[in-house]
Structures are given as structure tokens and as C-alpha cells.
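Colleague: I'd like to go through the labels on this model and hear what backs each one. Can you take me through them?

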Amino acid sequence: ATFMEDLNRYGTSSEKSTPTDLEGCEDCTIAVYCRTGNRARTGAQILADAGFKTPIYNGLGVSQWQGAGYSLVNTPSVVAPCQDGLSCSGESLTESPTWSGIPCFSGQSTVDVKERGKVPLREVQVGDRVKVKGNRYEEVYFFGHRDESVSTTYLQFLPSLLEASRDHMIFIQNRGAIPASKIQVGDLMVNGDVVKAIREVKRTGAFAPFTPSGTIVVNDVLSSTYISFQDSSVVKIGFIDTNITYQWMAHAFMAPYRIWTKYCGGRFMEGVDTWPSFGYKFYMWLLRQDPLVMGTIFIPIMSVCFTLVSLESVCSHFILFAVCAIIFVILRKSSKKP
């Protein structure tokens, strides 16, 4: 084990560790861990962005380790073995990263596509109408991520066989949308299924379709199209849990996309486009800041989100008003005919 102090603050004024501290470990399988898994996730992203191509695992935190009944050791940190001229794994690992920067569903998970029935997510395209909350069908207007070749690890929930990455949010009765990593055996999903077992599976392919409501039914389970960044359903600033849910904040942030596609007839290429990619990277950077800095910046972010939601609401009501006005004029003219 090698201690990299505050790797999650890389690129900030309080930087203490950098990816170059692991120079020589590019061919090693890497597990990043911290206290709860939040900083580990950020650290894994930093290493992936720095060009580490072998599997990078979010090892979560020592709190989960202790919660499972294991004890901690108190041995001093050592230099990474690959920096001492030793091999970490005995072989060069060249497969695609196991850790994926943008959490998704697996391609084997299925959605209900209107007039087509159950379809694997890997076959879903922009423009397909999929089942969402309330047994309605909405058009997939964008893919936050679509990669048919990346190898990554998912949590599989039984009996539904839903497969989602740890940070993707799933709706649970009386708890709303929570990260998949927070679901426990015995939890009741919105479709009425009781979670009987949870296991990890490795799949090739990652897919994150977006719908106007921010919901999608995957393997008959009501799920979110968004992710959590802090292993929590709400935004945390330091030790403070705000009342701002990640479901609401992500949905507000995507309002410009929905306005563009719904009212302007816009279309976007599949993959990670500029707007969500910018938001993702900016928020990852924000999480690496001190709580005071994060709280200060978070206030104008919320103002922007409220503005975007209000703008979308105004557009929606304006269109409705315009349609009603046109119908009223047509009916009025018809009633005046002899």
C-alpha cells in the first residue's frame, strides 16, 4: 500500500500528491481507497485522466471494511513495488479500464421500447420511446455515455437482474433515487420487488440514455438517468447534508438540452457531448475543494439550476398558452360562419 496524501486535491492550490507519484505503475492493477469511498472515486478519475490504462478500482473506504467486520492494520506506508523495480502483478495488463469515468447501465439490461417490447440497452438509439415513470413512454433524447467496448464492473440486483454501476441512482420505496451502492438486501424497489441478493458482475459495454423526465424503467425497475457523486442521494458540503437531491440538481442542469431538443428540434450526437461533459468535470473539480470553497461556489450553481428549471417551465407554459390561443381563434372564427 502506498499513501498518496489528498490525491483528490490534485490540480488545486492545496495539492499534495500527483499521478506522477505512481510513475512506473502504469501496468499495475490499482485499487484506490479512502475513508468512505468518495475521495477514492475522485482519485480514480484523476488517475484515469492521467493515462493509467489498466483496471482502476474504487476500493471504497475503511469504514466499509470495518463495517464488514474486518480490522485495520497500522503498518507504515511503503514505496509502490513497481517503483522499486518489482512487478505488481507479474504481467502487463492492457485491457480496457475496469473503472469507468461516467457510471452507466450494462448493455445486457433491458428497457421497454414502444412497439418493440423488451430491448437490450445496447440496441437502444436516440429517438426510441422507452418506458419511464408512470408507465408512460418518452423519447431518448441523448446518451450521456455510450461505449460498446469498455470493460467495467456493475452491481447486479436479484431477482430483477438489473445491472448498474455503483453511482447510478435507482428508486427505492420511501427513499427516492439513491446510489446503487446504497441499496441493501431487503430493500423494496418501486416495482414491488424485494432485493434478494446483490453481486458484482463484469460486463463489456456502458450505456446511459437520458429521457425528458430523468427516469427510465430498466429490467422493470424504476431507475434514474442520473448519478450521485458522493455515495449519497443528496449533496454534501463537508459534514453537512443539504436538502438538494442529485436527482433534482442533475435534472435541472440538463434543462438546456431538453429545451433544445423539445422546442427547437435539436439533435445531439451519441457519446459524451460538451454540456454534460463540462458539468461532470467541473463538479468533480468542485468536490476536491475545501468545504468552505465548495459551499461558496455551490450557491451560484444552485441559482443557475433554479434559473434553468424556471426557463424550462416558462417555455412549457408558453407553448401550452400558444396552442390554446390558436384553438380559441379557430373555434371563434368557425362560430361566426353563417
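Predicted model: local features only at pLDDT ≥ 70, side-chain atom pairs only at ≥ 80, totals over all residues.

Colleague: Why is Glu200 called exposed?

Modeller: Its relative accessible area is 54%, and the cut-off for exposed is over 50%, so Glu200 counts as exposed.

Colleague: And what makes Glu200 and Arg166 a salt bridge?

Modeller: The term needs a side-chain nitrogen of Lys or Arg within 4 Å of a carboxyl oxygen of Asp or Glu. For Glu200 and Arg166 the N to O distance is 3.8 Å, so the pair meets that definition. Glu200 lies in strand S11 (residues 197-210) and Arg166 in the loop between strand S8 (162-164) and S9, so the bridge ties together parts 34 residues apart in sequence. Helices (H or I, at least four residues) and strands (E, at least two) are DSSP runs, numbered from the N terminus.

Colleague: Why is Arg166 called partly exposed?

Modeller: Arg166 has a relative accessible area of 26%, which falls between the 20% and 50% cut-offs.

Colleague: What about Arg116 and Asp128: buried or exposed, or in between?

Modeller: Arg116, at 43%, counts as partly exposed, whereas Asp128, at 15%, is buried. Their side chains meet in a salt bridge at 3.1 Å, N to O.

Colleague: Why is helix H3 described as largely enclosed?

Modeller: Six of the eight residues of H3 (residues 246-253) are buried, so the rest of the structure largely encloses the helix. Among them are Tyr246, Met249 and His251.

Colleague: How do you know that Val235 is buried?

Modeller: Its relative accessibility is 0%, so it is under the 20% limit. Val235 sits in strand S14 (residues 234-237). With neighbours within four places in sequence left aside, its contacts (heavy atoms within 4.5 Å) include Ile244, Met249, Tyr283 and Phe298.

Colleague: Which residues touch the most other members of the largest nonpolar core?

Modeller: Phe229, Val235, Met249 and Tyr283, out of 29 residues. Such a core is a set of buried Ala, Val, Leu, Ile, Met, Phe, Trp, Tyr and Cys residues joined through side-chain atoms within 4.5 Å.

Methods. Residues numbered from 1 in each chain as written. Heavy atoms only, no water. Buried < 20%, exposed > 50% of the residue type's maximum accessible area, 1.4 Å probe, protein only.
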